[in-house]
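Please look over the sequence and the model shown here before reading on.

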Amino acid sequence: MTGAAIPATLIPGDGIGPEITDATLVVLDALGVPFEWDRQVAGLKGMVEENDALPEKALASIRKTRVALKGPLETPSGRGYRSSNVRLREEFKLFANLRPARTWIPGGRYDNIDLVVVRENLEGLYTGYEHYIPIGGDPHGVAMSTGVNTRQGARRVIDYAFQFAVSHGRKKITIVHKANILKALTGLFLETARDLYAQKYAGQIVMDDVIVDACAMKLVTNPWQFDVLVTTNMFGDILSDLVAGLIGGLGLAPGANIGADAAVCEAVHGSARDIAGRGIANPGALMLGAAMMLDHLERPDDATRLRRALSDTLNVDGIRTGDLGGTATTSSFAQAVAKRIRG
Ligand SMILES: NC(=O)c1ccc[n+]([C@@H]2O[C@H](COP(=O)([O-])OP(=O)(O)OC[C@H]3O[C@@H](n4cnc5c(N)ncnc54)[C@H](O)[C@@H]3O)[C@@H](O)[C@H]2O)c1
């Protein structure tokens, strides 16, 4: 172990969460990063054990450590408790969701992909202002939802995206919107980006913009024209899964939720109930989430060692889990990455 202990919250999560978390810890142990984990439950496990999908103990832990590594948390669709992920973002004002998509295995349908989607994480259509209006005997005759974007919220995430892009040597930021139809809701996002660019970033980086539907098409036909994409909450949610598809699926797609006072790093995928408990899940996305956490903790050398070991395991050793066409188990893959780290 090197350096002073680093307190951090660990939420293994639901479904395959505990399996991929154990695998990620094997790799972090091999790196020798002196994490002092505070294990907490949330999601379905939180409901079962604490009768709360985001128990106060988990919140108190993150308030203290200010950084968390989180496995997938289950949310029932169309009913039941509110998403613990959305509550976490709101509680800690995790305003930016950073989702890099990079080719880890060359030779696929799309090669040399290196994109980052920065998604506004707190506003838009995910604010949860929803209700039904009963009509006749149908309690769900009409469904209504209100999206809320603010200039301050847009400015905060766009400014973060510009700073990220400039400090990481990126060449271009593309603002993704639907300002032709949702003129107020997403027009405000575009207007704020243009103002901010003129005030602070013109000359440092290129900025352009694109309507979300055209962006989806362009991402499929020529993804290499993009570099950093910045967009509102729902478009970001959808496009970040699209870019994960470009690099071969969710198994190698990490995400970081960044706020002024805390960061929560994770895999983009969900709890994968269909394969939970079978020891075959790909832990790569959570390992890459851990690498983002190391970046956030300003340990770029450890993050680079982790990413390089993962890449060598996949491409030099040819060790892959089933979703990537291999036969490795979750734990044998982790052992292989750890072996690469130890050299
Ligand atoms: N960040 C999060 O906590 C998060 C994100 C997405 C979904 N969810 C939740 O997860 C639950 C299930 O969601 P879903 O079924 O839509 O998506 P999912 O990502 O769990 O599964 C989609 C498909 O991908 C496969 N898959 C996902 N991760 C994999 C991995 N690491 N290795 C191999 N295969 C993998 C699954 O087996 C499944 O076939 C829902 O309750 C949802 O709300 C949580």
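Which residues does Gly-326 touch, not counting residues up to four places away in sequence? With contact taken as heavy atoms within 4.5 Å, Gly-326 touches Arg-320 and Thr-321. Before going further, note that this is a predicted model, in which local features need pLDDT of at least 70 and side-chain atom pairs count only at pLDDT 80 or more, while totals for chains, interfaces and linings use all residues. Residues are numbered from 1 along each chain as its sequence is written, and side-chain values use heavy atoms, with hydrogens and water left out.

Gly-326 lies in the loop between α10 and α11, where helices (H or I, at least four residues) and strands (E, at least two) are DSSP runs numbered from the N terminus. Gly-326 counts as partly exposed, at 24% relative accessibility; here buried means under 20% relative accessible area, exposed over 50%, and partly exposed in between, with a 1.4 Å probe and protein chains only. Between Gly-326 and Leu-314 there are 9.5 Å in space, C-alpha to C-alpha, and the two are 12 residues apart in sequence. Thr-321 is found in the loop between α10 (300–315) and α11 (330–342) as well, but Thr-321 counts as buried, at 0% relative accessibility. Leaving aside residues up to four places away in sequence, the contacts of Thr-321 include Ile-280, Ala-281, Asn-282, Pro-283 and Phe-333.

The ligand has 20 residues around it, of which Leu-73, Asn-85, Gly-270, Ala-272 and Asp-274 come nearest; a residue is counted as near if one of its heavy atoms lies within 4 Å. Polar contacts are pairs of N or O atoms within 3.5 Å; within protein, one atom must be able to donate a hydrogen and the other to accept it, and residues adjacent in sequence count only if both atoms are side-chain atoms. An N or O atom in the side chain of Asn-85 is 2.9 Å from an oxygen atom of the ligand, and a backbone N or O atom of Ala-272 lies 2.7 Å from an oxygen atom of the ligand. A nitrogen atom of the ligand lies 3.2 Å from a polar side-chain atom of His-269. On its own the ligand has 820 Å² of accessible area, and the protein covers 65% of that, with areas taken from the Shrake-Rupley method with a 1.4 Å probe and, for residues, only the protein chains shown counting as cover.

Ser-83 caps the N-terminal end of α4, with a side-chain oxygen 3.1 Å from the backbone nitrogen of Asn-85. After α4 comes Lys-93, whose phi is positive, near 50°.

Helix α8 (residues 233–246) has 14 residues. Its buried residues are Asn-233, Phe-235, Gly-236, Leu-239, Ser-240, Val-243, Ala-244 and Leu-246. Seen down the axis of α8, these buried residues fall within an arc of 165°, so they line one face of the helix; the arc is that of the directions from the helix axis to the C-beta atoms. Their cover includes β4 (96–102), β5 (114–120), α7 (212–221) and β10 (228–231). Just after α8, Gly-248 takes a positive phi of about 100°.

Terms used: Expected span 1.5 Å × (residues − 1).
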